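Take a look at the sequence and the 3D model below.

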Amino acid sequence: DRGRLVAEEQHGGLIPKLVIDDARLAGLIQMLEAEIATPGFVSAMMIEGLTRAIASILVQINQDKLTHEAERIYLPAWKLRRVDDYIEANLDRNIRLGDLAALTGLSVFHFSRVFKRATGSTPYHYVFERRIAYSCKLLAAGDLDMVNVAGACGFANQSHFTSAFTKAMGISPGRYRRNLRFSH
């Protein structure tokens, strides 16, 4: 098979047994092994260049594999409900991407991709939207002051809440609440 390299582990050999299907990678590894075995005038520079080229190919191969795997994985409705329930129950807390991924049994990488595919939104934006929606309910109820609304919705402080709410809604939380009072 063209491009297939099998480097047998030899007594004192530098490269362990590898099976490589990428012709570019196989060629670079052969060049690296030759340079290590018989260093030339610019050996250090050559070795650095070859290792960078090898790393670049390996990263791309790994990325392609992860992307392909992520395209086969989907988020079933029951797992999405589990994530949504967790988010709703923890809006007042710091919700971490790793926690959401763990609820689905997926890696953070795979979870982020399938969550966006299932909801049309990144996990960050989804949580942010849920926080803003919940803050609207709390503001409409009128029972809590702004500091407590901010805390109940997971914002660091009232200033952070006011800034985020205003950016999302186009109106400050105080004005939003006043407008609700005058509309009833």
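Serine 135 touches Val149, Cys153, Phe161 and Phe165, leaving out residues up to four places away in sequence. You'll find serine 135 in helix α6. Is serine 135 buried or exposed? Serine 135 has a relative accessible area of 0%, and because buried means under 20%, serine 135 counts as buried. Keep in mind as you read on that this is a predicted model.

Now try histidine 110, which sits in helix α5 (residues 108–119). Histidine 110 is buried too, with a relative accessible area of 9%. Which residue does the side chain of histidine 110 pair up with? The partner is serine 107: a polar contact of 2.9 Å joins the two side chains.

The relative accessible area of aspartate 143 is 68%, and since exposed means over 50%, aspartate 143 counts as exposed. If you set aside its neighbours within four places in sequence, aspartate 143 is still in contact with Leu138 and Arg177.

Here is how the three residues line up.

| Residue | Relative accessible area | Class |
|---|---|---|
| Serine 135 | 0% | buried |
| Histidine 110 | 9% | buried |
| Aspartate 143 | 68% | exposed |

Let's zoom out to the whole chain. Of its 184 residues, 30% count as buried. The chain has 9 helices and 2 strands, and along the sequence they follow the pattern β-β-α-α-α-α-α-α-α-α-α. If you take the contacts in the chain with a separation of 6 or more, 47% of them are between residues 24 or more positions apart.

At what angle do they pack? The angle is about 50°, and the axes are 10 Å apart. α3 and α6 are therefore oblique to each other. The crossing of α3 past α6 is right-handed. On the α3 side you can pick out Asp84, Ile87 and Glu88, which meet Tyr126, Val127 and Arg130 in α6. Sorted by class, this contact of α3 with α6 has 3 nonpolar and 3 charged residues, with no polar ones.

α3 has another partner in helix α4 (residues 97–104). Here the packing angle is about 145°, with the axes 9 Å apart, and α3 again passes its partner in a right-handed crossing. From α3, the contact uses Lys79, Arg82, Val83, Tyr86 and Ile87, while α4 brings Asp99, Leu100, Leu103 and Thr104. These residues of the contact of α3 with α4 split into 5 nonpolar, 1 polar and 3 charged.

α4 also packs against α5, at an angle of about 80° and with axes 9 Å apart. α4 and α5 are therefore roughly perpendicular to each other. Look for Leu97, Gly98, Leu100, Ala101 and Thr104 on α4, and for Val108, Phe111 and Ser112 on α5, as the residues that make the contact. How many charged residues does the contact of α4 with α5 have? There are no charged ones: the contact divides into 5 nonpolar and 3 polar residues.

Note on methods. Residues are numbered from 1 along each chain as its sequence is written. This is a predicted model: local features need pLDDT of at least 70, side-chain atom pairs count only at pLDDT 80 or more; totals for chains, interfaces and linings use all residues. Side-chain values use heavy atoms; hydrogens and water are left out. Axes are lines fitted to C-alpha atoms, for helices over the stretch in contact, and angles run from 0 to 180 degrees between N-to-C directions. Helices (H or I, at least four residues) and strands (E, at least two) are DSSP runs, numbered from the N terminus. Angles under 35 degrees count as roughly parallel, over 145 as roughly antiparallel, 65 to 115 as roughly perpendicular and the rest as oblique. A crossing is left-handed if the near helix is turned anticlockwise from the far one by less than a right angle, and right-handed if clockwise. Contact means heavy atoms within 4.5 Å. Ala, Val, Leu, Ile, Met, Phe, Trp, Tyr, Cys and Pro count as nonpolar, Asp, Glu, Lys and Arg as charged, and the others, Gly among them, as polar. Buried means under 20% relative accessible area, exposed over 50%, partly exposed in between (1.4 Å probe, protein chains only). A polar contact is a pair of N or O atoms within 3.5 Å; within protein, one must be able to donate a hydrogen and the other to accept it, and residues adjacent in sequence count only if both atoms are side-chain atoms.
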